[in-house]
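Dear colleague,

Please find the structure below, handed over together with its sequence. My notes on what was found in it follow, and I would be glad if you read them with the structure open.

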Amino acid sequence: MEPVESLALEQRARRAYERGRLRRAFRLAAWLLPVLAVMVGSCRVLALSGVSGSLLVLAAVGLWWRGEAYGRAVAPGVGAGLVPLGATLSAAVLGHLGPALTCWQGCLTVCVTAGGLAGLLVGHRAAQQGSDRRSFLVSAGVIAVLVGAPGCAFAGAAGIVGMLLGLACVSTPLALRSSPVPR
Amino acid sequence: MDAAQRRELQRAMTRLADGDRSAFHPVFILAWPVVRAFAYSLLREGGDAEDAAQQALLRSFERASRFDQTRDALAWLLGITAYECRTLRRRRGRQREEPLSAIFDREAGAPSPEALLVKEDLQRAAREVLASLAPSDIETIVAALADDPPGRPHVITAAAFRKRLERARRRLRSAWGAKHGTC
């Protein structure tokens, strides 16, 4: 085979590879449907859960397509995000949270604490990623915030910011201080 | 492919499956000669082997993100190549069952097999009826159908031949009517 033909074949193979990755990313996105259902069901502000859910799907597909630490971060990110979502949902079901803003302090405490727990999970997993831990930390953090945001909307924007702060304050030092562990 | 190259292919394929784009070129360089040689060994015809090898390579890269790193990369690649070769051979076999000229003839307005069968039946029936006539009538009809104008024996006049043909036709018509009930 001539070098030019070989180059053309390599380019076609590269396109096939990217196409295959994208197709797989969309297929994996189907696993997010139950999470999206919980997000929509648990949030009183439908627009917020809609925007958050759409961004989650877009981010997850993009990260899965990109692969490496970015792709590996999606599942732990979703798992971590379910902590604040589940915590606020459980608190609401158990009656500890009243209608929006009537128990602002309690809502905020739940959001910050749940965000901290999510940060613990993300930071712990990021520390295991070796040299890729920064990209893993950011990707998992973004996914966790997108999943947890509709739950923390009970406390308004402050709840979401509180969760974000809790997550960042716990996960970042944990991930960056740990010595890199080979995967 | 020696053992070192095989290990290198395994490592590069694992990285590529994870999304490491820098592993693409090494996989291409290592995989293409093996896939091509294997396709040529399975398919004798050069053109078919080249087609199957390229198709197999593209399919392998398309599925690279689904490659399970616990499997042997070389065996995985050759498995896809064998499948592509089998598919191509089956497709070629189906094409050989009906030659292209037959399809083109039919499309160009040539009679269909059903029309040919009807024509054959009619010719057989006509031969049977003709055989029931007197030899002089058969001779007259055959002479009229012959290509040689005016299609009559040279020993009789044209008027006598026309009269004889008229009588032969009448007998033929009545014989056909007696056998098949219609003219």
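A residue is called buried here if 20 or more other C-beta atoms lie within 10 Å of its own, exposed if 12 or fewer do, and partly exposed in between, with C-beta atoms placed from the backbone. Helices (H or I, at least four residues) and strands (E, at least two) are DSSP runs numbered from the N terminus.

This is a predicted model, in which local features need pLDDT of at least 70 and side-chain atom pairs count only at pLDDT 80 or more, while totals for chains, interfaces and linings use all residues. Residues are numbered from 1 along each chain as its sequence is written, and chains are lettered from A and ligands numbered from 1 in the order in which they are written.

Chain B, helix α1. The face of α1(B) turned away from its buried side carries the exposed residues B:A3, B:A4 and B:R7, whereas B:L9, B:A12, B:M13, B:L16 and B:A17 of this helix are buried. Seen down the helix axis, these buried residues of α1(B) fall within an arc of 135° (taken from the directions from the axis to the C-beta atoms), so they line one face of the helix.

For α2(B), residues 24–42, the 19 residues should span 27 Å, and the end C-alpha atoms are 26 Å apart, which agrees. This helix α2(B) bends by about 30° at B:A31, with a proline, B:P33, following within four residues; the bend is the angle between axes fitted to the seven residues ending at a residue and the seven starting there. Its buried residues are B:V27, B:F28, B:L30, B:A31, B:W32, B:V35, B:F38 and B:A39. In α4(B), residues 73–97, we find B:L88, which is buried, with 20 other C-beta atoms within 10 Å. Not counting residues up to four places away in sequence, B:L88 touches B:L43, B:D48, B:D51 and B:A52 (contact means C-beta atoms, placed from the backbone, within 7 Å).

Chain A. This chain has 8 helices and 0 strands, and buried residues make up 44% of its 183 residues. Among its contacts between residues at least 6 apart in sequence, 79% join residues at least 24 apart.

The cores. A nonpolar core is a set of buried Ala, Val, Leu, Ile, Met, Phe, Trp, Tyr and Cys residues joined through C-beta atoms within 7 Å. In the largest one, of 48 residues, A:V122, A:A140, A:I143, A:A144, A:V147 and A:M163 touch the most other members. A second, separate core of 28 residues includes B:L9, B:L30, B:A31 and B:A64.

The interface. Here 15 residues of chain A are in contact with 14 residues of chain B, and α1(A) gives the most to the chain A side, with 11 residues.

With best regards

Notes. Two residues are in contact if their C-beta atoms, placed from the backbone, lie within 7 Å. The expected span of a helix is 1.5 Å times one less than its number of residues.
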